[in-house]
Amino acid sequence: LWQPDATLRRGDLGIYFLEPYRSDRIPVLFVHGIGGSPRDFSKIIGAMDHSRYQAWVFDYPSGFRLGKAANAMNTILDLLLRKYGISRIHFVAHSMGGLVARSAILRLQSDFGLSPVDKFVALSTPWGGDGAADGASSMKYAIPAWIDMNPGSAFLKARWAKQLPPTLQFHMIYGYDSKRLPWL
């Protein structure tokens, strides 16, 4: 989060298979949020049906500019889809990872025509940005991701300028504190 360039220099960016690739199983790509890691999904991955699905994780420096993270994911994913002849993949993303995933899905759609992503589950994604990032562009040492998370940022506007593929099944899961917001 705090030193995304150092993370890149160590080579800690990529899509990782958690088991050997099997063509008879649908890949599910997990994308963590800011300050997170693929380990955040360990319970979900442990509970999924491994006879039908195979877990892949995208690990990236979450302080990185979101468009760059999405482009890196898309480039790697494009290579994997072509190498293995994959025509179908699912995404599960948490928080800011949902913004990265949506950006990559849109690029895949433009690269492939019809996107190979047929299911997308977003967990508590701040679609309109996060007010905590407000003013990040004026900070001397702002985390680059904060610039893109700023409500009204160029990154967020570009993501909403295009529609997700019409064939994509999208599910959003979120929570709220009912004690603080009793009317919900």
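1. In this predicted model, strand β3 is mostly covered, since six of its seven residues are buried. The strand spans residues 53–59.

2. Strand β3 has pairing partners in β1 and β2. Strand β1, residues 14–17, pairs with β3 in the antiparallel sense over four bridges; within this pairing, Phe17 stands opposite Trp56 of β3. Strand β2, by contrast, runs parallel to β3, and six bridges join the two. Here Pro27 is the residue that stands opposite Gln54 of β3.

3. The largest nonpolar core comprises 37 residues. Those with the most contacts inside this core are Leu29, Val31, Met73, Leu77, Phe91, Val100 and Phe120. At least two residues of the core come from each of β2 (26–31), β3, α3, β4 (89–94), α4 (96–112), β5 (117–123), α5 (144–149) and α6 (154–160). Helix α4 gives the most, with eight residues. In soluble globular proteins, nonpolar side chains tend to be buried together.

4. Another core, of eleven residues, lies apart from the largest one; Ile26, Val28, Phe41 and Met48 are among its members.

5. Phe120 may be inspected individually. Leaving aside neighbours within four places in sequence, its contacts include the aromatic residues Phe91, Trp127 and Phe170. Phe120 is also in contact with Ala93, Gly98, Ala101, Arg102 and Ile105, and with Leu164, Leu168, Gln169 and His171.

6. Which residues does Asn74 touch, not counting those up to four places away in sequence? They are Ala104, Arg107, Leu108 and Asp111. Asn74 itself is placed in helix α3, which covers residues 66–84.

7. Is Asn74 buried or exposed? Asn74 counts as buried because its relative accessible area is 1%, and the cut-off for a buried residue is under 20%. Its side chain reaches the backbone oxygen of Ala104 at 3.2 Å.

Note on methods. Residues are numbered from 1 along each chain as its sequence is written. This is a predicted model: local features need pLDDT of at least 70, side-chain atom pairs count only at pLDDT 80 or more; totals for chains, interfaces and linings use all residues. Side-chain values use heavy atoms; hydrogens and water are left out. Buried means under 20% relative accessible area, exposed over 50%, partly exposed in between (1.4 Å probe, protein chains only). A polar contact is a pair of N or O atoms within 3.5 Å; within protein, one must be able to donate a hydrogen and the other to accept it, and residues adjacent in sequence count only if both atoms are side-chain atoms. Contact means heavy atoms within 4.5 Å. A nonpolar core is a set of buried Ala, Val, Leu, Ile, Met, Phe, Trp, Tyr and Cys residues joined through side-chain atoms within 4.5 Å. Two strands pair if DSSP finds at least two bridges between them.
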